[in-house]
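Dear colleague,

I am passing on the structure we spoke about, together with some notes on what turned up in it. Please read them with the model open beside you.

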Amino acid sequence: RAPLKLLCDNMKYQILSRAFYGWLAYCRHLSTVRTHLSALVNHNIVSPDVPCNASSGLTVDIWQRYLQDSTSYEDQELLRLIYYGGIQHEIRKAVWPFLLGHYQFGMTEAERKEADDQIRTCYEHTMAEWLGCEAIVRQREKESHAAALAKCSSGASLDSHIQRMMHRDSTISNESSQSCSSGRQNHARLQSDSSSSTQVFESVDDVEQTEADAQLEDGKQSKIPNGTVPNGTCSPDSGHPSSQNFSIASGFSERSFSNEDSALEMNKSSASSQGKAGGSDVPAPPDPDGARQEEKLQGQDSLEGEFPTGGSVDFVPVGESSAGVLRDRDAVALTVVESWADSEAEKQSLVESEDNLSEEPEMESLYPQLDSLAVADLANSEASAVSSTGVTYSPELLDMYTVNLHRIEKDVQRCDRNYWYFTPANLEKLRNIMCSYIWQHIEIGYVQGMCDLLAPLLVILDDEALAFSCFTELMKRMNQNFPHGGAMDTHFANMRSLIQILDSELFELMHQNGDYTHFYFCYRWFLLDFKRELVYDDVFAVWETIWAAAHVSSAHYVLFIALALVEMYRDIILENNMDFTDIIKFFNEMAERHNTKQILKLARDLVYKVQTLIENK
Amino acid sequence: MARKEIPGTSLEGIRPTYVYKVVLLGNTSVGKSSLAYRYVKNDFKESLPTVGCSFFTQMINLEVATVKFEIWDTAGQEKYRSVCHLYYRGAHAALLVYDIANKETLSRAKLWLRDLEKEFLPDEIVIALVGNKTDLAAEREVNTEEGEEFARTKGLLFMETSAKTNHQVNDIFMAIAQELLQREQEKASAQSLHGRSTVDLGESGARTGCC
């Protein structure tokens, strides 16, 4: 009997302890989830009915009253109205800049105007910078295209060879664009150069080429725009080393000549830069090291997107209508470069070339394939370029920008072509804004999807500079969702926790039907803030709710919209026992067919549910 | 090699169903999504750039078997590669798509091939080289022979297609299906030489490979 009692006690003890530990684990789990979830919502619950029913949203009337007297409504009240009822379409253009942080609530009209002017100046400046760069890129492409044509027709397709050639082209066009800034006559000369160089490329076709020959050709071609052809010193079919040397020599004299030209101009235009500009010009083959460092320095400047520090920068007005600007883009770029010459020259006089000796190896590694002859030539050409104008885009920057430019152009062309707003003129605006943004964030570069985020902003704001500013603000949050940021995994983890807490049945299904841990079907939702899931009118409504929600209910409101989308179709998902790929397919098919009003309401309810859950802990 | 789904109540139970994972790779705007869309929906629409991956399925009824393609359409931009990679590992077939009017895209396809070769053994994956946009013949930069020659040296299937005019889109997928089934048969006959038990092993191995 005693052993039986012992056994019973033992069992009782085990059952109790198991129950206790189970309960403890459950409590711990819940508390972790709660602390986790509590970070996702604001703890202060804002009612939809206090002080008044907010379901009709922010109307024209209310906005008018607010504009006349900014004390008539609290910011919070306006945000509450937007969160629960959206914004009347007519005033979206006016309200969005507030929501996105371009304006602050409570700004006077004068202050807002100041903010506008500031952003406009900044935008025009940025645009001028990349337009200048683009002009070089276009020039470079024109040349390499001609070269590629020549190669193609001759049948010798050496990829690496062409690549190398393009690399050298960057130095060509660097120089050519810079020489164009030293005077309009030079620009005219440049044009004649490029046409003549095309001719030369074509005549090169006929020459039978070995690899070695090809290299020589390269060397020759890179010299052509230096003005050797107009001088008549380089015969088109000269592939011999001797004639190459000759053409370099003539290139030198040509360059130093143009330097003197520009130095003269400098003297006239800017007394302060006289000494330095003239000084660095005088030695015909200038110190290549110093020149390279200067080049590097300026490359960095423009890379960081900082404006020339001198307040004296004479700004080239970029016309309001971008189409006009674009039509003679080259001309604009030209004048921009000219106007910068002064300020950059001043800056240069402050630069001690010795300071940056350590950077030299880096520069050299940029031209790993160049033979020593070409390097010497390159250094000289850069020296003349820097001292004559001061505006230089480093080859790195040029290459980076070229890559991005092509990506942007491809995507702009196919951005929402079927939506009425995107006429060719407006697509041009889209392109300009995107290029400006990327120019300022070149280290990130363009990533597909960014156009989707910009497009709705442009549709509503219909103003390049304003849309640029708002897009920059929007991207501060959205940037993290792109592959270079780390936010997507956090979103997936949060989704998982939310579903686990709010819909355990669905969570079970997802768990049992395979690898749901990635929540991949939400990828595009978070990346583009549901832009591709909804039609345009709904995108507007959802976006403004997301922006307002950050101040009203949750800074992670996107999670709740995603959750609402899942919950909306939970019965279908459960009934059909959908697996991972089924769900992806299902939501692909459902794109642009959702009932947005219902989803937003459900999302607000879900936020409320989590808020009360945390409150009652 | 592929997941084999044994149809339950269907009368066609004798005919096996194979599920194959197919991935579309290639430069941006060479027409990957358009090819997938044409193949699955038999339609052409001007699509937005793909972000991340998109997913389609298509069934083919052949005499010997039913084939279900799970098609993963990837974003062309390099930056999305890590994202897509998660979803197409264990693919049974890959279409390397390039644009015949853009020479650079062929070089990119060659790079993709190099990556695939690192990840898969030659008999693990069927690779097809696809020169898309034959409707842009006037702007052609890559000769048919050039693609063909490259495909031949690397042992790839090759076809030139146009998603816009529906030129050979079905054909290339069909060729892939045939090739996959043929490999399936070769494998089966090779395995039957070693006795029944290895067949099961081989199949369960493949199952873990594709999930």
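Over all chains, a search of the whole structure finds 36 salt bridges. Please keep in mind throughout that this is a predicted model, and that the values below are computed from it.

The interface comes next. In the model, 32 residues of chain A are in contact with 26 residues of chain B, and the two chains bury about 2600 Å² between them, with 53% of that area on carbon and sulfur atoms. Of the area that chain A buries against chain B, Arg414(A), Gln448(A) and Tyr520(A) supply 23%, which is more than any other three residues. Two salt bridges are found across the interface of chain A and chain B, and Arg417(A) forms a salt bridge with Glu46(B), where the closest N and O atoms are 3.7 Å apart. Ten residue pairs, both members at pLDDT 80 or more, are in polar contact across this interface.

On the side of chain A that touches chain B, the elements giving two or more residues are helix 17 (395–413), helix 23 (523–527) and helix 27 (580–590) of chain A. Helix 27 of chain A gives the largest share of that side, six residues. Sorted by class, the side of chain A that touches chain B has twelve nonpolar, eight polar and twelve charged residues.

Some of these elements return in the second largest pocket, which holds about 1200 Å³ of space. Of the 43 residues that line this pocket, Arg524(A), Arg532(A), Asn588(A), Ala591(A) and Lys45(B) are the closest to its centre. At least two residues of the lining come from each of helix 23 and helix 27 of chain A and helix 1 (32–41) and strand 3 (53–61) of chain B, and helix 27 of chain A gives the most, with six residues. By class, the lining of the second largest pocket has 21 nonpolar, seven polar and 15 charged residues.

Finally, a few points in the backbone of chain A may be worth a look. Most residues other than glycine have a negative phi, and most peptide bonds are trans. The peptide bond from Val50(A) to Pro51(A), however, is cis, with omega near 0°, and Pro51(A) is found in the loop between helix 1 (2–38) and helix 2 (60–68) of chain A. Asp529(A), in the loop between helix 23 and helix 24 (536–552) of chain A, is a residue other than glycine with a positive phi, near 50°.

The loop between helix 1 and helix 2 of chain A also holds Thr59(A). Leaving aside residues up to four places away in sequence, Thr59(A) touches Gln88(A) and Ile91(A). The C-alpha atoms of Thr59(A) and Gln88(A) are separated by 5.3 Å, although the two residues are 29 residues apart along the chain.

With best wishes

Note on methods: Residues are numbered from 1 along each chain as its sequence is written. Chains are lettered from A and ligands numbered from 1 in the order in which they are written. This is a predicted model: local features need pLDDT of at least 70, side-chain atom pairs count only at pLDDT 80 or more; totals for chains, interfaces and linings use all residues. Side-chain values use heavy atoms; hydrogens and water are left out. Contact means heavy atoms within 4.5 Å. Buried area is the accessible area (1.4 Å probe) that two parts lose on being put together, summed over both. A salt bridge is a side-chain nitrogen of Lys or Arg within 4 Å of a carboxyl oxygen of Asp or Glu. A polar contact is a pair of N or O atoms within 3.5 Å; within protein, one must be able to donate a hydrogen and the other to accept it, and residues adjacent in sequence count only if both atoms are side-chain atoms. Helices (H or I, at least four residues) and strands (E, at least two) are DSSP runs, numbered from the N terminus. Ala, Val, Leu, Ile, Met, Phe, Trp, Tyr, Cys and Pro count as nonpolar, Asp, Glu, Lys and Arg as charged, and the others, Gly among them, as polar. On a 1 Å grid over the protein atoms alone, a cavity is a set of points where a 1.4 Å probe fits but cannot get out, and a pocket is an open set with protein on both sides within 12 Å along at least five of seven lines; lining residues have an atom within 4 Å of a point. Grid points are joined across faces, edges and corners, and a volume is the space filled by probe spheres set on the points.
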